[in-house]
Amino acid sequence: MGAVAAFWLAVWIFAAALVAQPLILPGPGAVALALLRLVCDGGTWAILAGSGARILGGLALAAVCGGVLAGISSRSRAFARLVAPALSFVKATPVACVVVLLLIWLGSARVSIAAVFLMALPGVYFSLVEGLAQVNKPLEQMFRLHGVRGWRLFCAHTWREVLPFVLSCAQAVIGMSWKAGVAAELIGMAVGTVGECIYQAKLLIETADLLAWTVLVVAASWTCERVLVWLLRASGPVAWRAAVRSHGRGLHGRAGAADVAELALAVGDRAPWAPALDGLVLNVPAGGRACVMGASGAGKTTLLALAAGECAPCSMMFQDARLVEDASALDNVLVCADARVDASSAAALLRLLVPGIDVHACTAELSGGQRRRVEIARALLCPGGAVILDEPFTGLDVAARDATAEVVLDLLDGRTLLFATHDASDAQALDISDIITL
């Protein structure tokens with residue numbers, strides 16, 4: 001990097017010497033002196049701070065409005081079709097045209113805020129729409145089923161999923177916002193702004209001052225981008241920790257004996273793609289245990305999903321892995337846990353189910369069998385009157401399965417258990433005699 005800077009500095013010195021006209025191209029020394037004079041002037045910082053505040057204000061307004069519009073668009077296709085063409089038009093409109101129109105409508109005092117807002121809004125909107133479209137829907141379903149909703153769902157899942165798109169947008173939009181804001185000030189001749197200072201330098205042919213102000217604006221834009229991107233990166237872990245610490249918020253805790261759920265479900269024609277479920281009536285008494293058995297593709301997972309929808313929030317372990325990969329095993333359990341469960345008891349359960357596990361290790365570092373048992377621990381500590389397990393012993397050897405089944409039976413606390421498997425020995429390990437064969 002230093003060699004590249006030295007190369008371009010040498011090119012600048014050579015070009016300035018070749019032109020030999022400081023009014024056209026001043027050398028690095030003249031620009032450095034002008035920059036030093038500006039930096040030592042307190043008024044410079046006041047002007048830069050004022051312009052920066054207006055630019056950041058427009059950027060913040062674009063972030064809020066873009067987030068609201070993207071959120072509505074993700075839920076309404078008709079609204080998205082209405083908004084997207086208008087914002088695409090704004091994105092393609094030259095900055096100068098936008099600024100001139102804003103000057104006519106708003107005057108010079110507010111033109112920079114409005115210009116930044118209009119220039120940043122399309123980038124924010126389209127990035128967030130794309131991010132919301134890429135959200136992991138199965139993982140979101142898992143959170144909702146376990147009672148993680150509202151701001152906790154946003155912190156634990158939505159924001160973490162959208163954050164890479166937000167970071168990419170920020171790295172493009174922040175610099176563009178500074179350019180649009182200063183250009184608006186320059187065209188609008190707003191008093192006491194960076195744009196006015198640049199115009200005055202141009203009017204008086206103070207080329208060194210013009211380049212010095214350019215350096216200041218670039219440095220301010222670069223600093224602003226670095227700080228905001230750092231804050232955005234830090235917001236992901238902070239949001240996750242907030243969701244974990246507030247586990248069980250808004251729920252009444254794990255069901256007691258009087259709150260145990262009864263699973264009664266007439267499937268009817270709810271799953272026409274699973275003929276084996278046609279006319280099936282599921283009835284598991286409160287505190288009872290039932291096992292659904294059948295070949296792969298018979299509809300076991302569909303039946304369990306329908307049953308979970310009837311008694312949500314409930315504890316459910318899905319057939320496919322649904323863990324936050326870059327979070328620890330302990331946090332994956334706690335984020336959905338009952339409010340009365342603390343970190344020490346959750347860690348103790350994990351160590352009981354997975355001997356030798358580092359509960360603070362990322363789940364991505366665990367083996368398939370360890371990950372399954374982390375999900376079992378999460379299901380056992382979640383609130384709800386029923387525990388639904390979809391092939392939980394996949395990837396476990398006989399000894400590990402028997403030890404895990406013993407823990408499941410100990411921690412059911414009288415709750416209803418619905419279990420799916422294709423292996424009769426799994427049902428025997430959980431002491432289940434009520435078998436539903438598909």
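Glu391 and Lys300 form a salt bridge in this predicted model, with 3.8 Å between the closest N and O atoms; a salt bridge here is a side-chain nitrogen of Lys or Arg within 4 Å of a carboxyl oxygen of Asp or Glu. Because Glu391 lies in the loop between strand E5 (386-390) and helix H15 (398-411), and Lys300 in helix H11 (residues 300-311), the pair ties together parts that are 91 residues apart in sequence. Helices (H or I, at least four residues) and strands (E, at least two) are DSSP runs, numbered from the N terminus. Glu391 is buried at a relative accessible area of 7%, and Lys300 is buried at 6%. Buried means under 20% relative accessible area, exposed over 50%, and partly exposed in between (1.4 Å probe, protein chains only).

The model is a prediction in which local features need pLDDT of at least 70 and side-chain atom pairs count only at pLDDT 80 or more, while totals for chains, interfaces and linings use all residues. Residues are numbered from 1 along each chain as its sequence is written, and side-chain values use heavy atoms, with hydrogens and water left out.

The structure holds 16 salt bridges. One of them joins Arg322 to Asp320, with an N to O distance of 3.1 Å. Arg322 is buried, with 10% relative accessibility, whereas Asp320 is partly exposed at 35%. Another salt bridge links Arg378 with Glu375, the closest N and O atoms being 3.3 Å apart. Both residues belong to helix H14 (residues 368-381), where Arg378 and Glu375 are three residues apart, about one turn of the helix. Arg378 and Glu375 are both buried. Salt bridges also link Lys137, Glu140 and Arg144 in a network.

Five strands make up an open sheet with parallel pairing, in the order E4-E5-E6-E3-E7. Strand E4 (315-317) and strand E7 (435-437) are at the edges with a single partner strand each, so one side of each has no neighbour in the sheet. On average, neighbouring strands of this sheet are turned by 15° against each other, direction ignored. Strands count as paired if DSSP finds at least two bridges between them. Strand E3 (residues 289-293) and strand E6 (residues 416-421) run parallel and are joined by five bridges; Arg289 has Leu417 in E6 as its bridge partner. Helix H11, which contains Lys300, lies across E3, E4, E5 and E6 and runs at about 160° to E5.

The axes of helix H13 (residues 343-353) and H15 come within 9 Å and cross at roughly 145°. Axes are lines fitted to C-alpha atoms, for helices over the stretch in contact, and angles run from 0 to 180 degrees between N-to-C directions. Leu349, Leu352 and Leu353 of H13 meet Thr404, Val407 and Leu411 of H15, contact meaning heavy atoms within 4.5 Å. The residues of this contact comprise five nonpolar, one polar and no charged. Ala, Val, Leu, Ile, Met, Phe, Trp, Tyr, Cys and Pro count as nonpolar, Asp, Glu, Lys and Arg as charged, and the others, Gly among them, as polar.

The structure holds zero disulfides, a disulfide being a pair of cysteine sulfur atoms within 2.5 Å. Cys382 is in no disulfide, and the nearest cysteine sulfur, that of Cys336, is 4.9 Å away. Cys382 is buried, with a relative accessible area of 0%. Cys224 is also buried, at 10%.
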